[in-house]
Amino acid sequence: MALHARDFFIEHLKLPFAEAAVVGNTYYATPTPGGLLRLRIDFARTIRAHEYDGLRLATIHQDRGELDTVTLRFEDHKTFDHRDASQGRGPTHSGYATFREFRDRPDWVPWKGAHTHGLRAAIERYASVWFPSIQQTPTPSRPPGLTAHRATAPPTTRSAIRSR
């Protein structure tokens, strides 16, 4: 596999779904164990052969088929901003926020240098809509080490003007 899809989905993107597998260039997951819905993620093709500009997510019902699809573009999630900036490539240049697959170079990793934090967050948000029962790692509301202290309430005073 010239795309190294298994490495991308399992080791680099590190999706949080326990029941998951990569088949070919496609990631399949069952976010809710024993549920009827599945999550499928594959690379979104451009109009050029072997060029990809994002990930295509689909929610699939095991009996009814595909229920929903969405494409997460690399450009929208700043996946290749660093790579493109270091190469002087902007939005009007060919290859901006995309990667190409070269089948004759199996050792080359096309998505090398991708920053996947934005993509992962978007995938988790999408999954939380279709699979609301999945356990997400809660984001701490405050930095660790800070503690809340109970404050005493100030004494209540009655107004001297009016009393019942």
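## A network around Glu-66

Let's start with Glu-66, which is partly exposed, with a relative accessible area of 42%. Salt bridges that share partners join Glu-66, Arg-56 and Arg-40 into one network; a salt bridge here is a side-chain nitrogen of Lys or Arg within 4 Å of a carboxyl oxygen of Asp or Glu. For accessibility, buried means under 20% relative accessible area, exposed means over 50%, and partly exposed lies in between, using a 1.4 Å probe and protein chains only. Please keep in mind that this is a predicted model, in which local features need pLDDT of at least 70 and side-chain atom pairs count only at pLDDT 80 or more, while totals for chains, interfaces and linings use all residues. Residues are numbered from 1 along each chain as its sequence is written, and side-chain values use heavy atoms, with hydrogens and water left out.

Strands (E, at least two residues) and helices (H or I, at least four) are DSSP runs, numbered from the N terminus. Arg-56 has 27% relative accessibility, so it counts as partly exposed.

## Arg-40, the buried member

Arg-40 is found in strand β3 and is buried, with a relative accessible area of 17%. Its side chain makes a polar contact with the side chain of Glu-66 at 2.5 Å. A polar contact is a pair of N or O atoms within 3.5 Å; within protein, one must be able to donate a hydrogen and the other to accept it, and residues adjacent in sequence count only if both atoms are side-chain atoms.

What else does Arg-40 touch, not counting residues up to four places away in sequence? The list includes Thr-26, Tyr-27 and Tyr-28, as well as Leu-57, Ala-58 and Ile-60, alongside Arg-56 and Glu-66. Contact means heavy atoms within 4.5 Å.

## Other salt bridges

A search of the whole structure finds 6 salt bridges. One of them joins Glu-51 and Arg-48, with the closest N and O atoms 3.4 Å apart. The place of Arg-48 is in the loop between β3 (37–45) and β4 (51–61). How do the two partners differ in burial? Arg-48 is partly exposed at 43% relative accessibility, whereas Glu-51 counts as buried at 5%.

Another salt bridge links Arg-73 with Asp-53, where the closest N and O atoms are 4.0 Å apart. Arg-73 lies in strand β5 (residues 65–73) and Asp-53 in strand β4, so the pair ties together parts that are 20 residues apart in sequence. Arg-73 itself counts as partly exposed, at 34% relative accessibility.

## The aromatic cluster

The whole structure holds 5 aromatic pairs. Rings of Phe, Tyr and Trp (its six-membered ring) pair if their centres lie within 6.5 Å; planes under 30 degrees apart count as stacked, over 60 as edge-to-face and the rest as tilted. Phe-8 and Phe-43 form a tilted pair, 5.4 Å centre to centre with 50° between the planes. This pair links distant parts of the chain, with Phe-8 in helix α1 (residues 5–12) and Phe-43 in strand β3, 35 residues apart. Phe-8 is buried at 1% relative accessible area, and Phe-43 is buried at 6%.

Phe-9 and Tyr-27 also form a tilted pair, at 5.4 Å centre to centre and 35° between the planes. Phe-9 lies in helix α1 and Tyr-27 in strand β2 (residues 26–29), so the pair ties together parts that are 18 residues apart in sequence. Both Phe-9 and Tyr-27 are buried. Together with Tyr-52, the residues Phe-8, Phe-9, Tyr-27 and Phe-43 form one aromatic cluster.

Ala-5, Phe-8 and Phe-9 are buried in α1. Seen down the helix axis, the buried residues of α1 fall within an arc of 80°, so they line one face of the helix; the arc is that of the directions from the helix axis to the C-beta atoms. What covers these buried residues includes β1 (20–23), β2, β3 and β4.

On the other side of α1, Arg-6 and Glu-11 are exposed. Just after the helix, Lys-14 takes a positive phi of about 50°.
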